[in-house]
Each structure stands twice: as C-alpha cells, then as structure tokens.
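Hi,

Here's the structure I promised to pass on to you.

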Amino acid sequence: MCERVIPEDQRDEHHLVPKSKGGKKTVLLHRICHDQIHSIFTDAQLAKKFSTIETIVEDPAMRTFVTWVRNKPPGFLDAAKQSRQLFRRGR
Ligand SMILES: [Zn+2]
Ligand SMILES: [Zn+2]
C-alpha cells in the first residue's frame, strides 16, 4: 500500500472485506499500515466502500498517512501509536 518493502516480521494480513462481513480476500500490509486502516475505517465502511487498496488510499486521512510513512525505514514501528493520533479522522 505504501510501496515500501515489508520485512517478514511485519507482515500483516488485511481482509479487504472484513471477515465479519464474509470477506475472504486478503492483502499483505505493514503492521503499522494495517493498524492505521482500522483506526480510520470501521468494518462497515471497509465492507461498503473501502474494499480495495485503491479506494483506501484515496481517502484523505489515509493518503496523509501513506505520504508520511513512505519516507520511514521499513522497520519503522514505534510511532504507530503516535501516528494514530496525528492522523485520526475527526469524528
Ligand atoms: Zn485488516
Ligand atoms: Zn506499508
């Protein structure tokens, strides 16, 4: 998603349509990127509208995150918590 290499120990599987909604197709993402998706979108939103990587990265909040994380080294993880606060969408 962010076009960086994914180290073995940071591979996370993301269900494009959440399992709870019957989704089966998965993609591999960085743990930090995966966390970010779920902190921005609810399962309902993912199932309804954001069921492809393309639509996910088109979301302004997600795009901000991707632009930011793209310049980080692949092993970068510690700022996950911080990023969640920086890029959380106002609800
Ligand atoms: Zn996921
Ligand atoms: Zn990533």
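Below is what I found in it, going from the whole chain down to single residues.

One thing to keep in mind from the start: this is a predicted model.

**The overall layout**

The chain holds five helices and two strands. If you walk along from the N terminus, the order of the elements is β-β-α-α-α-α-α. There are 91 residues in the chain, and 18% of them count as buried. I also looked at contacts between residues at least 6 apart in sequence: 54% of these join residues at least 24 apart.

Now find helix α1 (residues 31-40) and helix α4 (residues 60-69). Their axes come within 10 Å and cross at roughly 160 degrees. An angle over 145 degrees counts as roughly antiparallel, so that is how α1 and α4 lie to each other. The crossing of α1 past α4 is right-handed.

Which residues do the meeting? On the α1 side they are Ile32, Cys33, Gln36 and Ile40, and on the α4 side Ala61, Met62, Phe65 and Val69. Sorted by class, that contact has seven nonpolar residues, one polar residue and no charged ones.

In soluble globular proteins, nonpolar side chains tend to end up buried together. Here, the largest nonpolar core has 13 residues, and Cys33 and Val69 are the ones with the most contacts inside it. The elements that give two or more residues to this core are α1 and α4.

Ala44 sits in helix α2 (residues 43-48). With 11 other C-beta atoms within 10 Å, Ala44 is exposed as well. Ala44 and Val17 are 27 residues apart along the chain, and their C-alpha atoms are separated by 9.0 Å.

Cheers

Methods:
Residues numbered from 1 in each chain as written. Chains lettered and ligands numbered in written order. Predicted model: local features only at pLDDT ≥ 70, side-chain atom pairs only at ≥ 80, totals over all residues. Helix = DSSP H or I, 4+ residues; strand = E, 2+ residues; numbered from the N terminus. Buried ≥ 20, exposed ≤ 12 C-beta atoms within 10 Å, placed from the backbone. Axes fitted to C-alpha atoms, helices over the stretch in contact; angles between N-to-C directions. Parallel < 35°, antiparallel > 145°, perpendicular 65-115°, else oblique. Left-handed = near helix turned anticlockwise from the far one by under 90°. Contact = placed C-beta atoms within 7 Å. Nonpolar A, V, L, I, M, F, W, Y, C, P; charged D, E, K, R; others polar. Core = buried A, V, L, I, M, F, W, Y, C linked by C-beta atoms within 7 Å.
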